[in-house]
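Try each task before reading its solution.

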Amino acid sequence: MTNHSVVIAGGGPTGLMLAGELALAGVDVAVVERRPNQELSGARALGISSRTIEVLDQRGIADRFLSAGQTAQVTGFAVTRLDISDFPTRHNYGLGLRQKHIERILAGWVTELNVPILYGREITGFVQDGAGVIVTLAGGEQIHCRKLLIATGVIDNLPDIPGFAELFGVSVFHCPYCDGWEVRDRPLAIYGRGARGYGLSLELTAWSRDLVLCTDGPCEVNDEERGRLDRHGIRIREDRVVRLEGRDALERIVFASGEPLERHALFFTTGQSQQSHLAHGLGCEINEKGTVRTGKYEATHLPGLYVAGDASRAVQWVVVAAAEGAEAAFAINTDLLKEDLD
Ligand SMILES: Cc1cc2nc3c(=O)[nH]c(=O)nc-3n(C[C@H](O)[C@H](O)[C@H](O)COP(=O)(O)OP(=O)(O)OC[C@H]3O[C@@H](n4cnc5c(N)ncnc54)[C@H](O)[C@@H]3O)c2cc1C
C-alpha cells in the first residue's frame, strides 16, 4: 500500500488548485483522476476573473494563463456589462480561456511541484482507520493517507431526448450566469416543469424577453404561477418534446404535435448528480441540488474528510471551485501541522 499525507479524488480545477497549494506548503499530496489524461471534452467554463488572476500571479504562474488566452476589460457577467478598467489592481481585466486550457496549465504546474497525478484511476471507496483513511481504487490498489479530499464534481442530468446531449454546452445550457450573456435578447426556450421550470423561466427574463417554457408534458404550475408567467410574456408549451434540431447550434425544437419552435438556445433545469458516489458514502447531508453540505473550510463531520468544488456547492463556477480548493488546502494544512506539533 502506498502512502501520502493527502489524497485528492478528482483532478478538475478544485483538485488541481488544492494540490498546488498543499505542495507549496510542503505537503506530500497525490491526485487521483479517473480520466485517462487531462483532456476535457465538451464546453465548460470560458474564462477567469481578475481576482483569480491575482492569486495565480501570487503563485508566479499568471503569465502561463495570460499567454494562452485573451484579456478584456469590458465583459458581460450575468445581465451586467462590466467595465473593470478602473479596478485597483494591475490585473484590471478578465481572461477568456477555455476550461480545458485552464486545467492543462494547472496540471503542468502541479506536476512541476512533484505532485503525482494518477490518471486513469478511479477511487471506488474508502474506510477510516486510527491513523487516517484507506482509499481503494478500481482494481483493488490501496493508498493510505491522513486526509482525503473529494473534489469529484457533478454531472447534469440530461433528458433522454435526441439532440440534447449533442448540443449541450453549445446552445443547450444549465446556467444562465455562465452562458446567458452570449445569447441575450435572443429567442430562448426553457426545459423543465413545476417549480424548477417556473423559477428558471422568471430568472431568464433578465436575459431575454422572448421566452417559451417547454414542459414536455403537464406543466405542473398552479394558476397563480401561470398568471405570473403570462404577465411576463412567457409562453408555455406542454407538447411532448421529440428532438432538438440544429446543425452547429440549436435551430428548432420539434414536438410530438403542433408546429416546431424556432429557438436560438435552450436552458434546462432537470437537476444534477454527483459524478461519484463517494460523497454519498460520507453520510453527509445532500441538498436539493444533489450537492453536499459541508462545514467551515469544506470539512465534513468526519475527521480527515473534506468535500470541495462543484461536489459541495450550489454556485458552480471555476473561480468558486478554485477558491474552495485553496480554502480546503488551508484547513488541511493547518490540521496536519496541529497534529504534527502536538
Ligand atoms: C456546460 C457547462 C458550462 C459551464 N460554464 C461555466 C462558465 O462559463 N464559467 C464557470 O466558471 N464555470 C462554468 N461551468 C462550471 C465549471 O465547469 C465547474 O464549476 C468546475 O469544473 C468545477 O470544478 P471541480 O473540480 O469541482 O469539478 P469537475 O471539473 O467536475 O472535476 C471533477 C473531476 O473528478 C473526476 N472524478 C469523478 N469521480 C472520480 C472518482 N471516483 N475517482 C477519481 N476521479 C473522479 C472527474 O473525472 C473530474 O475530472 C460550466 C459547466 C458546464 C457543465
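**Exercise 1. Locate Asp185 and decide whether it is buried or exposed.**

Start with its place: Asp185 sits in the loop between helix 6 (176-179) and strand 14 (188-191). Helices (H or I, at least four residues) and strands (E, at least two) are DSSP runs, numbered from the N terminus. Residues, in turn, are numbered from 1 along each chain as its sequence is written. Keep in mind that this is a predicted model, in which local features need pLDDT of at least 70, side-chain atom pairs count only at pLDDT 80 or more, and totals for chains, interfaces and linings use all residues.

Next, count neighbours. Asp185 has 10 C-beta neighbours inside 10 Å, so it counts as exposed. The cut-offs are these: buried means 20 or more other C-beta atoms within 10 Å of the residue's own, exposed means 12 or fewer, and partly exposed lies in between, with C-beta atoms placed from the backbone.

Finally, check the backbone. Most residues other than glycine have a negative phi. Asp185 is not a glycine, yet its phi is positive, at about 65°.

**Exercise 2. Which residues touch the most other members of the largest nonpolar core?**

A nonpolar core is a set of buried Ala, Val, Leu, Ile, Met, Phe, Trp, Tyr and Cys residues joined through C-beta atoms within 7 Å. The largest one has 55 residues, and Ile8 and Leu149 touch the most other members. This core lies between domain 1 (2-45 + 99-156 + 272-341) and domain 2 (47-97), because both give residues to it; the bounds come from an automatic or database domain assignment.

Now zoom in on Ile8. Leaving out residues up to four places away in sequence, its contacts include Leu18, Val31 and Leu149, where contact means backbone-placed C-beta atoms within 7 Å.

Conventions:
Two residues are in contact if their C-beta atoms, placed from the backbone, lie within 7 Å.
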